[in-house]
Amino acid sequence: MKLSKKLEKALNDQIRKEYEAAYVYNGMRIYLDDAGLRGASSWMAKQTQEELEHAEAFIQHVKSMDGKVILEKVEGQKTDYKDLLEVLEAAYKHEQMITKSISEILDLAMAEKQYATENFLRKFVDEQVEEEESFRDLIDLVKFIGNDKAGLLKVDSGLGKR
Ligand code: FEO
């Protein structure tokens, strides 16, 4: 059942990517707070927290498979954006990259008949469907309200309830 070196490396890369996602979203949270969008900022703080939980889940999986966890370097991320729409579009793109990455590790786990890792990753495939959908819905909503400031404040207040 021990992880192959290749699968162990792919899982460690994913740990870095989940921390990187937390860093990306934390940069967005900081921008949204600076922009006065407190609800959206709080929503993004929760998203940041979720990514840290994803990283921890991958760490625990590698450990429970008797693998070695490596914490690789995480790149710096920006804290400036144009507006909420730019934030959401960048976040959606990031989630698509994460989905692709998880799918590739799943392909590897399946090829190696590493069923425990396969089961573990399938939960993340489902999670990614939800994450992509929630960003797509928000993008549609923000596009719909366009330049309507009152509409934006309403959306911001709704996001604060997450
Ligand atoms: Fe950890 Fe948003 O994927």
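Tutor: A45 counts as partly exposed because its relative accessible area is 30%; with a 1.4 Å probe and protein chains only, buried means under 20%, exposed means over 50%, and partly exposed lies in between. The model is a predicted one, in which local features need pLDDT of at least 70 and side-chain atom pairs count only at pLDDT 80 or more, while totals for chains, interfaces and linings use all residues. Residues are numbered from 1 along each chain as its sequence is written, and side-chain values use heavy atoms, with hydrogens and water left out.

Helices (H or I, at least four residues) and strands (E, at least two) are DSSP runs, numbered from the N terminus. Helix α2 covers residues 38-64, and its 27 residues should span 39 Å at 1.5 Å a residue; the end C-alpha atoms are 39 Å apart, so the expectation and the model agree. That expected span is 1.5 Å times one less than the number of residues in the helix.

S41 is another residue of α2. Its relative accessibility is 7%, and S41 therefore counts as buried. Once its neighbours within four places in sequence are set aside, S41 is in contact with R29, L32 and D33, where contact means heavy atoms within 4.5 Å.

What happens just after α2? There D66 takes a positive phi of about 60 degrees, although D66 is not a glycine. D66 sits in the loop between α2 and α3 and is classed as exposed because its relative accessible area is 52%. Between A45 and D66 there are 21 places in sequence, and their C-alpha atoms are 32 Å apart in space.

The 28 residues of α3 should span 40 Å at 1.5 Å a residue, and its end C-alpha atoms are 41 Å apart, which agrees. K113 follows α3 and has a positive phi, near 55 degrees, although K113 is not a glycine. K113 lies in the loop between α3 and α4, and its 57% relative accessibility is why K113 counts as exposed.

Let us return to the aromatic residues. W43 forms one aromatic cluster with Y25 and F135, and the structure holds 6 aromatic pairs. Rings of Phe, Tyr and Trp (its six-membered ring) pair if their centres lie within 6.5 Å; planes under 30 degrees apart count as stacked, over 60 as edge-to-face and the rest as tilted. The charged end of R162 sits over the ring of W43, 4.4 Å from its centre. For a charge to sit over a ring, NZ of Lys or CZ of Arg must be within 6 Å of the ring centre and within 35 degrees of the ring normal.

Which residues touch the most other members of the largest nonpolar core? Among its 23 residues, they are Y25, M28, L32, M44 and F135. A nonpolar core is a set of buried Ala, Val, Leu, Ile, Met, Phe, Trp, Tyr and Cys residues joined through side-chain atoms within 4.5 Å. The elements giving two or more residues to this core are α1, α2, α3 (84-111), α4 (115-145) and α5 (149-159). Helix α1 gives the most, with 6 residues. Apart from this core lies another, of 18 residues, among them L11, I98, I105 and A109. Not counting residues up to four places away in sequence, Y25 touches M44, Q47, T48, E51, A91, H94, E95 and F135.

Finally, the setting of α2 in the chain. The secondary structure comes to 5 helices and 0 strands, and the order from the N terminus on is α-α-α-α-α. The C-alpha atoms fill a box of roughly 55 × 25 × 20 Å, taken along the principal axes. Of the 162 residues, 43% count as buried. Among contacts between residues at least 6 apart in sequence, 82% join residues at least 24 apart.
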